[in-house]
Amino acid sequence: MKPIACIVLAAGMGTRMKSSCPKVLHQAGGRSLLGHVLLAARALEAEKVCLVVGPDMTDVTEAAEAVILDVVSVVQAERRGTAHAVSMAAPALRDHDGPVLVLYGDVPLIQPETLDRLRQIVEAGADMAVLGFETANPHGYGRLITRKDNLLAIREQLDSSAEENLINICNSGVICLNNELLQHLLPKIGNDNAKGEYYLTDLVGLCNEVGRSCKFALCDETEVLGVNDRVQLSRADGLFQQRYRERAMLGGATLIGPKTVFLSPDTRIGRDVTVGPNVVIGPGVAISERARILPFSHLEGARVGKGAVIGPYARLRPQADVGDGAKVGNFVEIKKATLEAGAKVNHLTYIGDARVGAGANVGAGTITCNYDGFFKHFTDIGAGAFIGSNSALVAPVKIGDGAMIGSGSVITSDVPASALAVARGRQENRPGWADKFRTLMRARKKAQS
């Protein structure tokens, strides 16, 4: 099998997005539209990927290079049609010996398996293969003019006859063809059409004119959904989330109220995990088997161990590492901290830049005071330690194994193992003071009125 090259068209700013951000850098399904397309190309092990951008779109090039380091970027200074855009990239592929796949940076749902089907059609002997789809509403799409499994032409709607407009097999824009044919036919494409543009779709008619074979393949309409405005962006995001949820459930996880659970492309969920309603899982999260993520929790850049319980209303920030059987309860935030096996942080607590040892219990309202306004500092809580409610642990500080902290303490020094630390003001009771205070205040209030 000859290596494949890819041309990705990403020149449009997308005025209908009403944004200063290039259209292809808007996000759906947890990554940019362009990122999804480039990952599909990378999955095909493309020998070369050429990106066509508009003027002053260095941010698009930089985003592409973050996915494919050696991507070749070329500029389309004037937008004169898809064939014109491809012609900007063609010189960079002049020495490529194999098929070329043309993709679009705003069609993020395309699957590598679908693209590989196009490549296989060309590998099997066709000179060109076009990806089409069937739709109940073909308005606005180019129509595929076919005879059996041969593709004769693609007719844009403005140039179609009334009879051709009844065809419901439409063009996705994705095309695969041998590079030598691409280089030969591109200069022959004219702009004698309703828009005065150079259409890449004209390759099909030219291919047939020179006696070469052109085939087509069909995919689901949703897979080639183009994103041109925020409504379509939202629809694409919803389709991505549906994919991720189905993948998680088919992998053995239970999602309660799956439409309210939001996942990321790299989310890893083990078997027998339960995820409650209204949970948001951002990038970089791994959840081990039998863990439970309770409603209204938010996780990002975190690891959750086997049988651990998170939430409800918990927040795990990047580098939170929750060990097997540990518990993170309601209104608890964990950041850059390790909770070892069986540790419990159940209520209204912040643990940042810290270690909580195995079996330790951190009471409600506890805070690790990790930031002094300039630097972050570490708090180490030993195995089996007990931290009383409403305590402040001023880092850097170490609480020894089995130590106990009295409620309401402000701990500024290390506590030895198995010791009790109490750091709060001594209680003083003044008999009758409260009644005298109320009498005085009532009299003062009456005088003012």
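## Ground rules

What you have is a predicted model, where local features need pLDDT of at least 70, side-chain atom pairs count only at pLDDT 80 or more, and totals for chains, interfaces and linings use all residues. Residues are numbered from 1 along each chain as its sequence is written, and side-chain values use heavy atoms, with hydrogens and water left out.

## Two nonpolar cores

Let's start inside. A nonpolar core here is a set of buried Ala, Val, Leu, Ile, Met, Phe, Trp, Tyr and Cys residues joined through side-chain atoms within 4.5 Å. "Buried" means under 20% relative accessible area, "exposed" means over 50%, and "partly exposed" is in between, using a 1.4 Å probe and protein chains only. The largest nonpolar core has 71 residues, and I7 and L101 touch the most other members. Strand β10 (residues 169-178) is the top contributor to this core, giving six residues. Strands and helices are DSSP runs (E, at least two residues, for strands; H or I, at least four, for helices), numbered from the N terminus.

Contact means heavy atoms within 4.5 Å. Setting aside neighbours within four places in sequence, I7 is in contact with C50, V52, V86, A89, L93, V100, L101, V102, L103 and L182. There is also a second, separate core of 58 residues, with V227, I310, A314 and V345 among its members.

A disulfide is called when a pair of cysteine sulfur atoms sits within 2.5 Å. By that rule, the count is zero disulfides. For C170, the nearest cysteine sulfur is that of C219, 11 Å away. C170 counts as buried because its relative accessibility is 0%.

C176 is in no disulfide either; its nearest cysteine sulfur belongs to C6, at 8.4 Å. C176 is buried too, with a relative accessible area of 0%.

## Salt bridges

Side chains of opposite charge can pair when their charged atoms come close. The cut-off for a salt bridge is a side-chain nitrogen of Lys or Arg within 4 Å of a carboxyl oxygen of Asp or Glu. A search of the whole structure turns up 17 salt bridges. One of them pairs D127 with R212, at 3.2 Å from N to O. D127 sits in the loop between α4 (112-123) and β7 (128-134), and R212 in the loop between α6 (202-209) and β11 (214-219), so this pair ties together parts that are 85 residues apart in sequence. D127 is buried at 13% relative accessibility, while R212 is partly exposed at 24%.

R155 and E164 also meet in a salt bridge, at 3.0 Å from N to O. R155 is partly exposed, with a relative accessible area of 28%, and E164 is buried at 16%. Then there is R355 with E340, whose closest N and O atoms are 3.2 Å apart. R355 belongs to strand β26 (residues 350-356) and E340 to the loop between β24 (333-339) and β25 (344-347), so the pair links parts that are 15 residues apart in sequence. E340 is partly exposed, at 27%. Salt bridges with shared partners also join D127, E180 and R212 into one network.

Two cis peptide bonds are worth a look. The bond from G311 to P312 is cis, with omega near 5 degrees, and P312 lies in the loop between β20 (309-310) and β21 (315-316). Another cis bond joins A395 and P396, with omega about 0 degrees; P396 is in the loop between β31 (392-394) and β32 (397-399).

Now for phi. D272 is not a glycine, yet has a positive phi of about 60 degrees. D272 lies in the loop between β13 (268-269) and β14 (274-275) and is exposed, with a relative accessible area of 56%. R290, also a residue other than glycine, has a positive phi near 70 degrees. R290 is in the loop between β16 (286-287) and β17 (292-293) and is partly exposed at 46%.

## Around H36

H36 is in helix α1 (residues 33-43) and counts as buried, at 7% relative accessibility. Leaving out neighbours within four places in sequence, H36 is in contact with A28, G29, R31, P108, F240 and Y244.
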